[in-house]
Amino acid sequence: MLEIKNLTKSFGDILALDRFSLELGKGEVLGLLGPNGAGKTTLISILAGTLGDFSGGVTFLGRDLFADRSLKNRMGVVPQDMAFYDELSAMDNLMFWGGLYDVPRPELKRRAAELLELVELAGRAKEPVKNFSGGMKRRLNTAIGLLHRPDLLLLDEPTVGIDVQAKVSILDIIRGVGASGTAVIFTTHQLAEVETTCSRIAIMDRGRILAQGSLDELVRIVGERDVVEIVGEFAAAPFSEALQGLAGDRVELLSAADGLASLAVADTEEIPRIMDRLFRHKLAVTDMKIKSPSLETVFLKLTGRNLRD
Amino acid sequence: MRRLFLVLSNDVRRHLKSPLAILIYMAIPMVMTGLIGVIFAPRTEEGQLPPIQVLLVDHDKGLASKLVLGTFDVDQMKKMFRVTVTDEADGRKRMEKGRASAMVVIPEGFTLDLLDARTTTLTVVKNPAEQFLPDVVEEFVNTLAVMLSGVVQAFAAEVQGVRAMLEAPADAFPWEKLGPELGKAQKKIVAARTYLSPLLIRLKAEETRAAGAKTRFTRTDLFSIMLPGMAVMFLLFIVQTLMRDIISEREDGKLRRMMTTPLRPIELVGARLLGGWVMGLAVLLVMAAFGTLIFRAAWGPFGYFLLLGAAASFWTAAFFGCFHALVRNRNQAGAFGAPIILAFSLFGGSMMNPEAMPKAFLAVGVATPNRWFIDGAALVRDGRFPAASLAVLVVSGLVLTALAVPALRRRTSV
């Protein structure tokens, strides 16, 4: 359904997308996971047609996405901004945005009512949106992207800044949309969101996909090893030097920063050896955590940094 | 086109849902006009019209001319007219300076012509700078002429008797005949029920033609002159407010979302320009209607005013289309927009009478829409077609549109 080939985009000297390639099938829900500046929003903006001056190509439904304007009617976009009119009601907003997608008016009215039920705003359909809470606005923002029953739905951080209840509601909607056959790409910082919502996860950093697959496939990258997170008063370089010689199949340094380092260990019996090395090099450790393999540890291994760094 | 009108109707709906800013901008010119009117308009007793200034030139100095003059001297008429008897040269000079609403000229031989039942002509010279008062004088003199003509024709025989009496030496005045003559006249007065024709006194109406004749304003005149200036100034503010969406929608992400739909940038630009134009015109017409209702301001023929308003609103929408394509954000739009509008208003005559402005201001003023709208409105008020104002506003509006469309398209394309 969607095929992205070697998409490259720069902002001055900064390479936002670096020969980015991806394929997406019907009904697939792809979670794009990456830290700030990974290129997620750049990718969504290019696909949505709101960012130009790039190289590479995108084929959607067998046609060139950027040459065939009619494809805009087959794609829904839920931007990070609450992009609707606060002074209008939820229903008026849906009627306006749906009108721009050429949905015939009688059908649009039915569809708007149906979506207001779906996002649990039917009871407040005629109220000005400015009276809504953040969560209600996010749900309306999502509903607008679904008005014209798109084949591809792009969501850019659709759960930012809302409470848990609203987040769960939006993630339910995304799962439902995928189940109905619409392909979905959604970007997020939240590991838990992609773990529970997506059929496929892509980890992205510095404009490239580092790894992709199902949650199980990604966890296998780290293997069955536990991850040890060490907090202390040390600099990154001496910490790495202290552990030289230990590295191998049984201990792998995943990341090291001033005061914080992560290691993958084949067995927790390796931990005393690690501590011994650190004490001998006079590196003070103040805390230590042992974590089971998870998407977070995968992310750490692939990017060398935490998701929120 | 369908999407263009969808955006346009959505904009109208939005502004109707939260009309506070527009209502404030519409109320301010009314309040300012009212305040200035109260402060500067001529004072009258409890809202009555002030006495109408009439100049009377008596070339006849006979009985009939005294009768005409005496009519103005009756108590009731004194409240309505303030008559100054003068000679014709001085009268014309005063009229050219706008010192009176009208001048009535009684011709030489007026009394004798009446006594001989010959046609004669009273001339009323009107001040064109005033709207209603000269017409009141004309109507009054016309009525006087009709009455005098009727009286002279109905009492032709008695008039001859009166003439004979008048021509008799003072010491030989036939007093014994006076009683029977008056008795006969009384019977005729009872019998006379209609005017006779043709009229012996004709009325000739003229207007002073001196350029720049200043008017002695009534409050209504003042409102009629002030309101167009105020209206065009606040039209600029209102259209700027309406078209600020171009910037704000770019900043809050609505523009990006619109560009993810099949809506084309040119359709959005068209909707914004058309919206500014149509809503600006609607607001201008509402302001004009309120001006008429509240201040009895006169605007002249509606068709002409509509054209002028449409041209001014078109110019304004095109100008702010260009403006919003150039400014970077809402803060810049706010910071530069108001000073530009105030400068237009200052140099264009919205804030003071153009005749009282320095020459340099007048020269700059021709580059403002205010000046052309105010000049056009003055012509329309006099019932004349504002061709020059329309031509300037439409042609320069088209030039601005030609600049605004590509510039806005660039800002809209993301």
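Predicted model: local features only at pLDDT ≥ 70, side-chain atom pairs only at ≥ 80, totals over all residues.
Lys282(A) counts as exposed, with 9 C-beta neighbours inside 10 Å. Residues are numbered from 1 along each chain as its sequence is written, while chains are lettered from A and ligands numbered from 1 in the order in which they are written.

**Positive phi in chain A**

- Most residues other than glycine have a negative phi.
- Lys282(A) isn't a glycine, yet its phi is positive, near 55 degrees; you'll find Lys282(A) in the loop between α9 (270-280) and β14 (284-291) of chain A.
- Arg19(A), also not a glycine, has a positive phi of about 45 degrees.
- Arg19(A) sits in strand β2 (residues 14-24) of chain A, and with 13 other C-beta atoms within 10 Å, Arg19(A) is partly exposed.

**Chain A overall**

- There are 10 helices and 14 strands in chain A; these are DSSP runs numbered from the N terminus, with helices being H or I of at least four residues and strands being E of at least two.
- Chain A has 309 residues, and 43% of them count as buried.
- Take the contacts in chain A between residues at least 6 apart in sequence: 71% of them join residues at least 24 apart. A contact means C-beta atoms, placed from the backbone, within 7 Å of each other.
- Helix α10 (residues 295-303) of chain A has seven of its nine residues buried, so it is largely enclosed by the rest of the structure. The buried set is Leu295(A), Thr297(A), Val298(A), Phe299(A), Leu300(A), Lys301(A) and Thr303(A).

**Where A meets B**

- Chain A puts 20 residues in contact with 19 residues of chain B.
- On chain A's side, helix α2 (residues 90-100) gives the most, with four residues.
- That side of chain A splits into 10 nonpolar, four polar and six charged residues. Here Ala, Val, Leu, Ile, Met, Phe, Trp, Tyr, Cys and Pro are nonpolar, Asp, Glu, Lys and Arg are charged, and the others, Gly among them, are polar.

**Helices in chain B**

- Helix α13 (residues 265-295) of chain B packs on helix α18 (residues 387-412) of chain B at about 130 degrees, axes 9 Å apart. Axes are lines fitted to C-alpha atoms, for helices over the stretch in contact, and angles run from 0 to 180 degrees between N-to-C directions.
- That makes α13(B) oblique to α18(B); under 35 degrees is roughly parallel, over 145 roughly antiparallel, 65 to 115 roughly perpendicular, and the rest oblique.
- Their contact has eight nonpolar, two polar and one charged residues.
- Helix α1 (residues 2-17) of chain B crosses α13(B) at roughly 45 degrees, with the axes coming within 8 Å, which makes α1(B) oblique to α13(B).
- The contact of α1(B) with α13(B) divides into eight nonpolar, three polar and three charged residues.
- In helix α3 (residues 63-72) of chain B, the buried residues are Ala64(B), Ser65(B), Val68(B) and Phe72(B). They span an arc of only 105 degrees around the axis, which puts them on the same side of α3(B); the arc is taken over the directions from the helix axis to the C-beta atoms.

Note on methods. Contact = placed C-beta atoms within 7 Å. Buried ≥ 20, exposed ≤ 12 C-beta atoms within 10 Å, placed from the backbone.
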